[in-house]
Amino acid sequence: NHHNHHSHPHVSYDVDIEEFRKAFMFFDANNDGYITVDELERAMNKCGVFPTKLEIRTIMAQGDLDKNGVITFDEFVRLMRNQERHMAKKKYDEKQLREQFRMFDKDNDGFIEREEMIDIVRELALGRFFPPEVIDQLFREADVDGDGKISFAEFAMAVN
């Protein structure tokens, strides 16, 4: 497909595909269009992630839909999209939660005010993960006692 469809500037998924392609090339060390178990492990190690053999096999199993022992680009894209969905459900441990909480609690008073949350989201360009309605929902769900602030306990419950 050498025709660049500039007539559809509103098609946003192309951006994703570009990102995925870059990532795929990063994983696919010998550029044969397939990601092997070894390539998967090496690429993750390069990112500072050291999964166990079991975890690697699990990822492979999730990714390798036609069970031919390698992950193709299409399978990779699907895997990444699924990962994004799972990431949202990821459980954090206490230390990670504390770090996140501190990041949002700018004035360190032990509470996240709504403005602090909005500021940080804007500052870190996390907008696509935390659009205003998500922040609203977070505050509705997390602010159990309704004081307009989220305590660490409330935050921990909401995030997990």
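This is a predicted model: local features need pLDDT of at least 70, side-chain atom pairs count only at pLDDT 80 or more; totals for chains, interfaces and linings use all residues.
A residue is called buried here when its relative accessible area is under 20%, and exposed when that value is over 50%. After H2 comes Gly 48, which has a positive phi, near 80°.

Glu 41 forms a salt bridge with Lys 53, and the closest N and O atoms of the two are 3.0 Å apart. Because Glu 41 belongs to helix H2 and Lys 53 to helix H3 (residues 53-63), this pair ties together parts that are twelve residues apart in sequence. Lys 53 itself is exposed, at a relative accessible area of 54%.

Across the whole structure, the search finds three salt bridges. Another of them joins Lys 22 to Glu 19, with 3.4 Å between the closest N and O atoms. Both residues sit in helix H1 (residues 13-27), three residues apart, or about one turn of the helix. Lys 22 is exposed, with 52% relative accessible area, while Glu 19 is partly exposed at 45%. There is also a salt bridge between Glu 99 and Lys 95, whose closest N and O atoms are 3.2 Å apart. These two are four residues apart in helix H5, which puts about one helical turn between them. Glu 99 is partly exposed, with a relative accessibility of 41%, and Lys 95 is exposed at 56%.

Glu 116 is buried yet has no salt bridge, and the nearest side chain of opposite charge, that of Lys 106, is 7.7 Å away. A salt bridge needs a nitrogen and a carboxyl oxygen within 4 Å, so Lys 106 does not qualify as a partner. The side chain of Glu 116 does, however, have a polar atom 3.0 Å from the backbone nitrogen of Asp 107. Beyond its neighbours within four places in sequence, Glu 116 is in contact with Phe 104, Asp 105, Lys 106, Asp 107 and Phe 111.

Aromatic rings come next, with seven pairs found in the whole structure. Phe 26 and Phe 27 have ring centres 6.0 Å apart and planes at 85°, so this pair is edge-to-face. Phe 26 is partly exposed, with a relative accessible area of 33%, whereas Phe 27 is buried at 12%. The rings of Phe 101 and Phe 155 are also edge-to-face, because their planes lie at 65°, with centres 5.5 Å apart. Since Phe 101 lies in helix H5 (residues 94-104) and Phe 155 in helix H8 (residues 152-159), the pair ties together parts that are 54 residues apart in sequence. Elsewhere, ring pairs link Phe 24, Phe 26, Phe 27, Phe 73 and Phe 76 into a cluster.

Finally, helix H7 (residues 132-142) has Ile 135, Leu 138, Phe 139 and Ala 142 buried. Viewed down the axis of H7, these buried residues fall within an arc of 95°, so they line one face of the helix. Glu 133, Arg 140 and Glu 141 are exposed on the other side of H7.

Note on methods: Residues are numbered from 1 along each chain as its sequence is written. Side-chain values use heavy atoms; hydrogens and water are left out. Buried means under 20% relative accessible area, exposed over 50%, partly exposed in between (1.4 Å probe, protein chains only). The arc is that of the directions from the helix axis to the C-beta atoms. Lys and Arg count as positive and Asp and Glu as negative; His and the chain ends are not counted. A polar contact is a pair of N or O atoms within 3.5 Å; within protein, one must be able to donate a hydrogen and the other to accept it, and residues adjacent in sequence count only if both atoms are side-chain atoms. Contact means heavy atoms within 4.5 Å. Rings of Phe, Tyr and Trp (its six-membered ring) pair if their centres lie within 6.5 Å; planes under 30 degrees apart count as stacked, over 60 as edge-to-face and the rest as tilted.
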